[in-house]
Amino acid sequence: MLPLWDSQPRRGAPVLTLFLVATNLVVFGYEVWLDFQGGRALEAFIGDYALIPARIVAQWREPEAWLSVLTSMFLHGSGAHVLGNGWFLWIFGASVEARLGAGRFLLLYLGTGVGAATLQGAINPFSTIPMLGASGAISGVLGAYFVMFPRGWVVTLVPWIVPIIPVPAFLFLILWFLLQTTSGVGALLDAPSAGGVAWWAHIGGFLAGVVMIRWLGRPRKRGR
């Protein structure tokens, strides 16, 4: 299922959401440029800035190793990867940002990205396969959306069934989460050390979003 737009009214442009989408696209453009240079330029860039669980375990005292938890959120492995992430961030992030404001939305995005990386790394802490992508943080945005707008609707493209239908937001996100969970368990049973989609980062990010929004979503107190 591909979300096309949601039903939440909002005022003002989602500036931070647009900035995050643009940043991911610009960084991916730089990756493409490195790839055209040939040699091992792109491989070295990914090695430096992607999250490698085994490196954090071995170098846990080094700030550079932990910094990769953040930098890995802005790297992507393919055009489809970055475009898919950017689209989901735009559809769901704009409404969450409108409710939270840019500052709290950034805390949510980065915090859930860290939560996603933590769970994925805990599944296989000695993996040397680079983890990269904004999927974990965007999953956190989906988790926050699930709590904030359960009665909303997501207009969705459903190939081979009905072309475009409105789907309740809570149902769309429950089905999405079940897909991540079943895929994550299947991948774990099949080959836990293999590369591929970081399903557990999606699961961890979503759960972190559900938890964090309980705190970030509280009304701000006004001074007297």
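Residues are numbered from 1 along each chain as its sequence is written. In this predicted model, local features need pLDDT of at least 70, side-chain atom pairs count only at pLDDT 80 or more, totals for chains, interfaces and linings use all residues, and side-chain values use heavy atoms, with hydrogens and water left out.

Helix H1 covers residues 15-37; helices here are DSSP runs (H or I, at least four residues), numbered from the N terminus. The expected span of a helix is 1.5 Å times one less than its number of residues. For the 23 residues of H1 this gives 33 Å, which agrees with the 33 Å between its end C-alpha atoms. Within H1, Leu16, Thr17, Leu20, Val21, Asn24, Phe28, Glu31 and Leu34 are buried, where buried means under 20% relative accessible area, calculated with a 1.4 Å probe on protein chains only. The cover over these buried residues includes helix H2 (41-49), H5 and H6. Just after H1, Gly38 has a positive phi of about 75°.

Two packed helices are described by the angle between their axes and the distance between the axes. Axes are lines fitted to C-alpha atoms, for helices over the stretch in contact, and angles run from 0 to 180 degrees between N-to-C directions. H1 and helix H5 (residues 79-100) pack at about 170°, with their axes 8 Å apart. The two are therefore roughly antiparallel, a term for angles over 145 degrees. Contact means heavy atoms within 4.5 Å. Among the residues that meet are Leu20, Asn24 and Phe28 in H1 and Val82, Trp90 and Glu97 in H5. By class, this contact has 12 nonpolar, 5 polar and 1 charged residues; Ala, Val, Leu, Ile, Met, Phe, Trp, Tyr, Cys and Pro count as nonpolar, Asp, Glu, Lys and Arg as charged, and the others, Gly among them, as polar.

The loop between H6 (102-123) and H7 holds Ala134. Ala134 has a relative accessible area of 0% and is therefore buried. Leaving aside residues up to four places away in sequence, Ala134 touches Asn24, Met73, Leu75, His76, Asn85 and Tyr109. Ala134 and Phe74 are 60 residues apart in sequence, while their C-alpha atoms are 6.0 Å apart in space.

Helix H7 (residues 135-148) and helix H8 (residues 169-190) have axes that come within 10 Å and cross at roughly 140°. The contact is made by Ser139, Leu142, Tyr145 and Phe146 of H7 and by Ala169, Phe170, Leu173, Ile174 and Trp176 of H8. This contact has 8 nonpolar, 1 polar and no charged residues.

Finally, Ile213 lies in helix H9. With a relative accessibility of 4%, Ile213 counts as buried. Ile213 touches Leu100, Ala144, Val147, Met148 and Arg218, not counting residues up to four places away in sequence. Ile213 and Tyr109 are 104 residues apart along the chain, and their C-alpha atoms are separated by 11 Å.

Note on methods. Buried < 20%, exposed > 50% of the residue type's maximum accessible area, 1.4 Å probe, protein only. Parallel < 35°, antiparallel > 145°, perpendicular 65-115°, else oblique.
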